[in-house]
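Hi,

Here is the model I said I'd pass on. Have a look at it first, and my notes follow below.

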Amino acid sequence: MESRKSIKTFAKRGGIALAAATLSLSASIAQAADTIKVGVLHSLSGTMAISETTLKDTVLMLVEEQNKKGGVLGKKLEPVVVDPASNWPLFAEKTKELLEKEKVDVIFGCWTSVSRKSVLPVIEELNGLLFYPVQYEGEESSKNVFYTGAAPNQQAIPAVDYLMSKDGGSVKRWVLAGTDYVYPRTTNKILEAYLKSKGVKSSDIMINYTPFGHSDWQTIVSDIKKFGSQGKKTAVVSTINGDANVPFYKELANQGISAGDIPVVAFSVGEEELSGFDTAPLVGHLAAWNYFMSAPSDANDAFIDKWLEFIGDKKRVTNDPMEATYIGFKMWVKAVEKAGTTDVDKVHDAIIGISVPNLTGGIATMLPNHHLTKPVLIGEIQDNGQFDIVWQTDGAVPGDAWTDFLPESAKLEADWKDPKIMCGNYNTETKKCSGQNY
Amino acid sequence: MDNAMTLPRYIFRSALIVLLAMAALAQADMATDSVVQGAQIESADSAIEASAEMSVEEVFAELIAARSTSAKTDTIQKIANSDFPQAQTVLQALQEGELYYTKAKPPVLVFAVNHPDGYSISSALNGEDLGVVGLRDVRKVSINNALRNLLRGLLAEMALRSESVDVRLQAAKNLIRSPAEEYLPAIEKAIANETSDKVLVSLRLAEGMININSDEQTKRLAAIEAFSDTLDSDVMSLLAGMQIQDADGNYQESDEVVRLAAAEVLRDMKAQAQLYKIVENTFFGLSLGSVLLLTAVGLAITFGVMGVINMAHGEMMMLGAYTTYVIQLIMPNYIDYSIIVAIPAAFLVSGLVGIIIERGIIRHLYGRPLETLLATFGVSLILQQAVRSIFSPLNKSVTAPSWLSGSWEINGALSLTYNRLYIIVFSLVVLALLLFVLKKTFVGLQMRAVTQNRAMANSMGIRTGWVDALTFGLGSGIAGIAGVALSQLTNVGPNLGQSYIIDSFMVVVFGGVGNLFGTFFAAMSLGVANKFLEPFAGAVLAKIFVLVFIILFIQWRPRGLFALKGRFVED
Amino acid sequence: MSKFDDVFKQSLIGRLLQSDRAGTWLLGALLALAVLVPFFNLVIPADSFLHLPTYLVVLMGKYLCYALLALALDLIWGYCGILSLGHGAFFALGGYAMGMHLMRQIGDRGVYGNAELPDFMVFLNWTELPWYWYGFDNFFFAMFMVALVPAALAFVFGWLAFRSRVTGVYLSIITQAMTYALLLAFFRNDMGFGGNNGLTDFKDILGFSLQSDGTRNVLFVLSALSVAGAYVLCRAIVSSKYGRVLVAIRDAESRTRFMGYRVEHFKLFVFVVSAMLAGIAGALYVPQVGIINPGEFSPVNSIEIVIWVAVGGRGTLFGAVIGAIVVNYAKTYFTGAFPEVWLFMLGALFVISTLYLPKGIVGVVNQYRERLAVKNSANKPQELSS
């Protein structure tokens with residue numbers, strides 16, 4: 001009896017299990033609605049939640065504000081928030097979900113480079129639209145991504161220029177300290193090449209990498225102190241990431257290194273990070289960004305007021321990636337209105353060349369390489385957790401997707417407007433684009 | 001620190017009001033005394049001339065209006081060289097970022113002190129209290145690092161005349177770091193009058209730092225002579241700078257005699273510094289070890305003694321750190337004492353949460369250690385998210401009390417940071433207390449009895465359930481205390497626990513589960529090993545080596561450094 | 001028909017499954033999925049209600065890779081008592097081996113157009129390919145490495161640990177140390193594995209584009225078949241005489257040793273097999289999610305694997321598969337539907353399942369069935385239980 005049944009049961013059980021699975025899955029496919037969907041892809045848990053949650057709130061605030069004005073093209077915007085939980089493969093999965101299941105028209109999201117790299121193939125395949133609001137190492141220009149944060153030439157190089165100037169203290173000796181991942185690696189490579197081109201000797205450059213979340217800085221800070229006492233004015237260029245900064249600055253202060261002796265200029269420390277610091281011992285250390293909350297402009301005051309009201313906490317701050325999100329959002333709205341549709345290809349064509357006022361009083365323009373023009377500001381940390389702007393570039397610096405200071409990258413060029421190029425990595429020597437999936 | 005200084009400063013400012021009346025009478029004797037240093041400040045001459053004619057109000061208005069560094073330098077020089085009675089206070093406030101101006105027309109220069117509703121301001125001119133204003137009603141007179149260095153020198157020169165030895169010592173030290181020829185007369189005068197040896201040594205160094213740039217060779221050699229007893233890093237930097245060769249092989253220092261003398265002093269300094277480096281490394285290692293000890297010792301109880309694989313241990317530390325933050329919020333005016341209050345508070349908070357977890361969850365899982373891993377992992381996720389929901393996912397800033405900041409400078413080459421020193425002491429105290437509780441008290445006896453033989457203990461009349469809860473609470477409470485210490489070293493945020501949990505497990509296992517001495521030796525040896533590897537291998541490789549070492553060590557001694565002996569080992 | 005039935009019954013699989021009703025369910029479902037998913041995705045037109053979107057195919061493929069990984073862990077934990085808190089390491093190593101092959105397949109289609117070096121090496125100014133990247137352009141070599149690298153690590157690690165009789169929590173903690181050390185090592189950019197960004201931007205596999213629906217369905221089918229195959233393999237191991245010894249080791253290691261069995265050999269063998277399965281799971285996972293990075297080595301990931309097995313039901317094999325799918329589906333659902341509070345739910349799921357479902361989901365089902373069986377006073381053979 002058993003034998004007769006076995007194959008039948010085998011098939012029957014499989015069939016039932018499958019039917020159940022298929023039903024439950026197809027039920028979860030959403031139906032279309034008469035709104036424009038805006039995907040928000042920022043980690044709300046895990047290690048990156050600390051930075052990314054704010055950007056989620058920023059997008060929600062901008063959407064709410066736009067809806068009060070009547071939405072876009074007469075339709076309301078509908079935010080779709082998901083949590084990729086600081087898990088890089090999950091970023092790709094959630095992007096698929098946003099594009100295929102939710103059918104969003106645009107995504108604002110990502111913070112770390114690896115999350116963007118994870119999302120990139122998906123967004124290119126499904127022809128989505130991603131606005132990426134964080135400063136990054138460059139070396140990328142995708143048709144489907146708009147980079148509203150700074151490229152290295154909009155942050156690192158001007159900061160070094162400032163420190164080399166008389167106002168910045170005529171620095172001659174450099175410590176390039178960073179967390180061991182791609183942004184510091186690339187930025188430091190670029191800076192090293194740049195410093196050497198300015199006549200700095202290799203013996204005057206110290207490069208140091210530490211793991212994520214490094215918490216014991218005693219040895220390294222003591223080394224920096226020693227490196228700084230060799231008779232030349234020394235500065236630290238810090239690409240140390242998030243969580244490792246607090247113990248780093250605490251150790252600096254405790255070992256008695258003040259900003260007057262060895263200034264530290266950071267590229268990843270903004271107002272939000274400072275709110276987790278005891279800033280009193282850090283006064284005078286520097287940061288380079290394209291936006292500071294202390295920027296004196298009416299647009300900025302209005303933005304801050306709106307943010308404080310939206311978030312309902314008077315002590316919250318604004319920061320550079322928030323401004324980048326703001327610019328990206330405004331540009332997208334303008335482009336959709338110009339194109340008259342949310343169709344990705346049409347929006348893409350419309351957005352290049354669009355200008356919106358930034359929050360520091362200038363104008364941001366979307367370049368054909370999908371990067372922005374941005375002013376570069378140097379701020380000194382104040383004891384109230386704000387930055388005091390001590391220097392800024394004359395006018396805006398155009399973002400450069402491919403740096404000129406790395407041999408392989410200098411050959412490349414991105415142009416998404418010129419019909420002869422239409423490519424993110426056009427090789428000016430071989431006149432070819434490689435590795436495009438479209 | 002702020003609060004300690006407010007009162008004397010207030011008295012000082014009040015005195016200034018009286019003095020203001022006499023201001024016009026005094027004449028610019030200081031200004032004529034000072035030697036103008038043309039190279040550093042281009043237009044200092046004109047500044048002094050002007051200040052003789054300009055009134056206080058005019059100079060202040062100029063300070064507010066100044067935008068560029070050089071304009072500000074001019075005005076600061078004017079104030080410093082003036083006979084304005086409020087000069088020192090104003091420069092002090094400027095240095096400390098407490099000098100603001102109002103948005104009124106014309107703007108008024110004010111001192112601003114943080115106040116819950118914004119700033120409490122008082123006039124820089126006469127100290128008159130102007131009430132409280134909002135955060136954005138006043139603007140700061142901003143300065144940069146170049147100006148900060150200038151102010152440091154100017155203020156130090158003024159402070160040399162102070163009554164207090166400490167103030168004079170600090171001033172002399174600041175002058176070493178901001179040498180300028182114009183301070184020389186003041187320094188020489190101070191040397192003549194100085195009674196304290198300590199101050200005298202620093203003053204001589206400061207004098208040397210200025211004289212080394214003199215035109216006369218004898219003065220320069222004398223300066224180098226004065227450097228031979230110190231290990232000060234600025235001095236070392238200066239001497240090393242002389243030895244630098246340019247592209248053509250020419251030394252930075254053109255005078256061969258001076259250079260060689262400097263080289264000799266430098267060689268001695270370096271040899272000594274080398275020696276101190278080893279002492280310093282050992283200290284770094286011990287301090288890392290004591291952090292490991294603090295984070296692991298609680299786990300040594302919950303995991304080591306009770307056998308619960310407590311994945312929520314890190315979150316107990318996180319709770320302790322957040323308790324420190326909350327205590328500081330509650331008592332913002334007593335930051336120096338808040339940490340003392342935070343220690344028992346954190347113990348109670350984490351301990352209570354521990355007891356709740358034990359009673360609610362772990363109680364049902366005894367004898368199934370691996371299940372406790374899963375349940376406590378779930379608890380850790382919940383606690384993390386709870387903190388995110390309550391305190392926002394952002395890091396919180398915990399202010400370091402003044403007695404925990406700074407360092408104990410033994411000499412120029414060796415200084416031990418206070419927070420690390422205290423943490424070493426603190427971790428030892430915690431360990432000692434814990435040992436005392438476990439070995440010498442009745443509760444400790446019961447705890448050991450229950451963990452060694454539950455059934456027997458029960459039949460002897462010990463309420464095992466109650467003892468379990470207490471033991472788990474004790475372990476968690478100690479984790480909370482570790483959190484207080486961590487709040488002084490690192491971020492206070494939802495991820496705090498995650499970054500220490502693995503290290504804690506390594507320490508406990510390496511030391512031998514169930515043995516507190518083992519935990520102590522494991523923590524200290526891992527800390528020191530890490531720090532001696534780091535200079536050669538770098539931070540990441542050093543850590544990898546230590547992990548591989550632990551893996552291999554466990555092969556050699558599968559029960560850790562100090563294995564428990566006896567029948568109950570083989571379970 | 002009945003003749004075929006007999007053949008089936010007498011075949012190895014048939015014999016294995018005869019007393020394993022849940023196993024038949026599982027294999028049936030896997031095979032049915034392998035047939036029907038491509039059908040609903042490729043054959044049914046996209047605008048039909050019954051069409052299965054591609055992202056769901058990829059998502060299910062990912063779940064199946066996790067299921068395979070959970071199966072590997074259940075083999076050693078459920079049947080031999082080896083609780084590895086570092087199984088994610090084997091998974092990641094397999095994934096890296098696959099990722100390296102896919103990286104080499106990009107060839108000169110990288111952004112810098114360098115035929116020899118992957119992009120991340122080009123912009124960090126590497127001039128030549130490190131030696132350990134040699135051979136990975138060959139598919140079969142890479143596939144060999146997918147199994148060999150995790151197996152070799154497991155062999156060395158296991159040989160050291162089991163010979164020295166490192167057991168229980170000590171073993172768990174040093175496996176955790178192992179994966180943590182690998183995490184730190186792979187984060188280093190100097191290692192030549194792309195550092196934190198890992199390996200990404202893959203183009204195709206064996207000439208088939210990874211973006212195409214066809215390739216995806218093939219990968220899905222392969223995943224389903226691998227899980228089925230691995231299930232049969234694990235079932236074969238645990239129901240053999242050898243498997244009995246494993247269970248004996250789990251329940252009383254010292255006694256088994258005293259009876260003359262070389263405990264460490266048994267443990268080592270099963271540990272290596274498990275690591276290979278984990279490696280294969282990683283290799284199937286990478287082309288489907290499109291990225292491998294050191295995050296996979298994170299100790300938390302390894303703990304999660306243990307949780308899948310525990311939620312599903314330890315020592316049942318099919319429980320591991322069910323647990324992996326249920327927990328990951330919950331994660332997918334919660335992160336989308338309740339992005340702000342999903343960790344509460346996930347945490348609660350773990351706590352509640354350990355408190356109230358000590359034998360996992362499978363245990364609950366069994367309990368229910370047993371009660372039903374008693375009620376019907378039927379005389380069916382007992383389900384296999386841990």
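Chain B has 22 helices and seven strands. Keep in mind that this is a predicted model. Of the 571 residues in chain B, 49% are buried. Take the contacts in that chain between residues at least 6 apart in sequence: 67% of them join residues at least 24 apart.

On confidence, chain B has a mean pLDDT of 80, with 89% of its residues at 70 or more. Two stretches fall below 50. One is residues 1-51 of chain B, where the pLDDT is below 50 and the model has 58 contacts beyond near neighbours in sequence. The other is residues 566-571 of chain B, also below 50, with three such contacts. Chain A has a mean pLDDT of 86, and 92% of its residues reach 70 or more. Its residues 21-32 are below 50, and that stretch has eight contacts beyond near neighbours in sequence. Where pLDDT is low, the predicted coordinates should not be read in detail.

In H4(B), residues 56-65, the buried residues include Val56(B), Val59(B), Phe60(B) and Leu63(B). Viewed down the axis of H4(B), its buried residues fall within an arc of 100°, so they line one face of the helix.

Is Glu256(B) buried or exposed? Glu256(B) has 9 C-beta neighbours inside 10 Å, so it counts as exposed. From Glu256(B) to Ile330(B) is 74 residues in sequence and 63 Å in space, C-alpha to C-alpha.

Now the strands of chain A. Start with S3(A), residues 106-109, which is covered on both faces: Val106(A) and Phe108(A) are buried on one side, Ile107(A) and Gly109(A) on the other. In a regular strand the side chains alternate between the two faces of the sheet. S3(A) pairs in the parallel sense with S1(A), residues 36-41, over four bridges, and Val40(A) stands opposite Phe108(A) there. S3(A) also pairs with S4(A), residues 130-132, again in the parallel sense, over two bridges. In that pairing Ile107(A) stands opposite Leu130(A). Between S3(A) and S4(A) the chain crosses through helix H4(A), residues 113-125, and this β-α-β crossover is right-handed.

Further along, S6(A), residues 173-179, and S7(A), residues 205-210, run parallel and are joined by six bridges. Thr179(A) has Thr210(A) as its bridge partner in S7(A). The path from S6(A) to S7(A) goes through helix H6(A), residues 182-197, as a right-handed β-α-β crossover.

S10(A), residues 286-289, is covered on both faces too, with Leu286(A) and Ala288(A) buried on one side and Ala287(A) and Trp289(A) on the other. Its pairing with S9(A) is parallel and has two bridges, with Val265(A) partnered by Leu286(A). With S14(A), residues 377-381, S10(A) pairs in the antiparallel sense over four bridges, and there Trp289(A) has Leu377(A) as its bridge partner.

Which parts of the model does helix H8(A) pack against? H8(A), residues 245-254, is mostly covered, with ten of its ten residues buried. Among them are Phe248(A), Tyr249(A), Lys250(A) and Glu251(A). From chain A, the buried residues of H8(A) pack against helix H7(A) (218-228), strand S9(A) (264-266) and helix H9(A) (271-274). From chain B, they pack against strand S6(B) (407-409), strand S7(B) (415-417) and helix H17(B) (418-440). Just after H8(A), Gly256(A) takes a positive phi of about 75°.

Last, the contact between chains B and C. It takes 34 residues from chain C and 32 residues from chain B. On the chain C side, the elements giving two or more residues are helices H7(C) (139-163), H8(C) (168-187), H13(C) (299-312) and H15(C) (342-356). H8(C) gives the largest share of that side, eleven residues. By class, the side of chain C that touches chain B has 27 nonpolar, five polar and two charged residues.

Cheers

How values were computed
Residues numbered from 1 in each chain as written. Chains lettered and ligands numbered in written order. Pairing = 2+ DSSP bridges. Right-handed = clockwise from strand over helix to strand, strands pointing away. pLDDT = per-residue confidence, 0-100. Contact = placed C-beta atoms within 7 Å. Buried ≥ 20, exposed ≤ 12 C-beta atoms within 10 Å, placed from the backbone. Arc of directions from axis to C-beta. Nonpolar A, V, L, I, M, F, W, Y, C, P; charged D, E, K, R; others polar.
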